[in-house]
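Me: Please show me the model and its sequence. I would then like to ask about a few places in it.

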Amino acid sequence: MEAETQQTFRSLSENVGAFRLRDKTFLIPQMNRIGGLLLAGAFRSFGVNAVLMDTYEGLDLGKAFTSGKECFPCQVTTGDILLFLKKEKERLGKDFDPDRYIYFMPEAEGPCRFGMYNKYQRIVLDSFPELESLKIGSLTSKNSYALDGMFDEEQTREFRKVGYFSVVVADVLDRLLWRVRPYEKQKGRADEFIERASHTMADAFERCGSSKDFERILDQLAEIIREGKTLINPAIPQKPLVGIVGEIYLRTHVQANQDVIRLLEKHGAEVVNASIAEWVNYTTYDRMREAKISLRLNLKQLRVSRIRDSLKKILSYGMDLSYQHYRQDQVYKRVKPLLDLAEDHRIHHMDEILGKEKIYSFDVGTEACLSIPGILEYVHQGYNGVVNVYPFTCMPSTITSSIIRPIMNQKKVPYLDTPYDGSFQPGREAAIRTFMYQAQQHFKRHGRNGSS
Ligand code: SF4
């Protein structure tokens, strides 16, 4: 028994971490499809054979290898990797070599359970003797998803920039879809168009990523926005605007959230989901914030070497954050004159909102730091309703719900919690229909800017 435990710990330390990607097939799980395609394109540009795995078809396998107490995204991703490997083994037969793959599963620091997914999945993979040598490539929010160890030092810095840019561009493509689909001239055109556009942009990242030719990537994006705009029927009147917040995986994974955006659109909404770049910016901002806190402590205790260390971290994360803002602004400045797409919230602004309202704190951490002020910001901007999308039992989203519900009642803005666990709840559509009725009423009374 002791030997078995030691073996488990050895596997967790030896087979989960940052591994060189050269000559490996890098398996990217599909959370947000567009983001995954673009990120894979960016990796390929740096010579990594990156593959975006199919998703959700392996859910039965995921459920078979989990107990039901894990978070739903853990079940989905466990199923995705197991099914992918099963198919690879069938395809390649005796040529299947687990050493050729690195499965990408990042993590975040506590207090929630995302930090345990890759450990849990390691244990599952180790239960198949032939998969023991397959590595899990992990990045952590502890250092704001630095890619140290995966590339050469120089390439790491360069890839981080291109990878972030791909995240922002993918956010814009998502926003384009949500902006166009409710008003499309011909049903189904927006979906077809965005699928095609995602591949075009993934190719652009593959071609221009390593040379950091951001302008050419933006030219391609601008062309897509112009074409997307032609799909809109200007005769369709403006619809109520609904904002989405919640747990990042569920709110962006179309199958896992049973395509909640399309369902809201079916009942008359135009929807804006919180972005992925927001989470990346949050992790960078939070590391800088922590470094500032430790600087204050070290100054009080006059610990010179630690003061230096904190200053270095503040500078480094501060530069990363400025760079991220610069690139994000560059993208939105290019696309906003072409089409009125929703912009992202700045994280320091979210922090200020929480500080002012005194209803939660960045000291506690988790996605609630973004969801709670994100909802208040939607209300401030005149949205007609907000939906919180999350896995059943998700801790940060449950916190968000408990804090924000009474506030939304007071503000008289429609609000809906939608937890998902893979089962189909018969009352789901009725709840969304009722919510949309309230959003319509809000829209009639206040318009979309809280002004009409
Ligand atoms: S955010 Fe929610 S779903 Fe994700 S790991 Fe934490 S508790 Fe689980």
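**Loops and helices**

Me: Where is the place of Leu 302?

Reply: This is a predicted model, where local features need pLDDT of at least 70, side-chain atom pairs count only at pLDDT 80 or more, and totals for chains, interfaces and linings use all residues. Residues are numbered from 1 along each chain as its sequence is written, and side-chain values use heavy atoms, without hydrogens and water. Helices are DSSP runs (H or I, at least four residues), numbered from the N terminus. Leu 302 lies in the loop between H11 and H12.

Me: Is Leu 302 buried or exposed?

Reply: Buried means under 20% relative accessible area, exposed over 50%, and partly exposed in between (1.4 Å probe, protein chains only). With a relative accessible area of 67%, Leu 302 is therefore exposed.

Me: With which side chain does the side chain of Gln 328 make a polar contact?

Reply: Gln 328 sits in helix H12 (residues 304-335) and is buried because its relative accessibility is 2%. A polar contact is a pair of N or O atoms within 3.5 Å; within protein, one must be able to donate a hydrogen and the other to accept it, and residues adjacent in sequence count only if both atoms are side-chain atoms. At 3.1 Å, the partner is the side chain of Asn 281.

Me: What is the phi of Lys 358?

Reply: Lys 358 is in the loop between helix H13 (347-357) and helix H14 (368-380), and it counts as exposed because its relative accessibility is 69%. Most residues other than glycine have a negative phi. Lys 358 is not glycine, yet its phi is positive, near 55 degrees.

Methods. Helix = DSSP H or I, 4+ residues; strand = E, 2+ residues; numbered from the N terminus.
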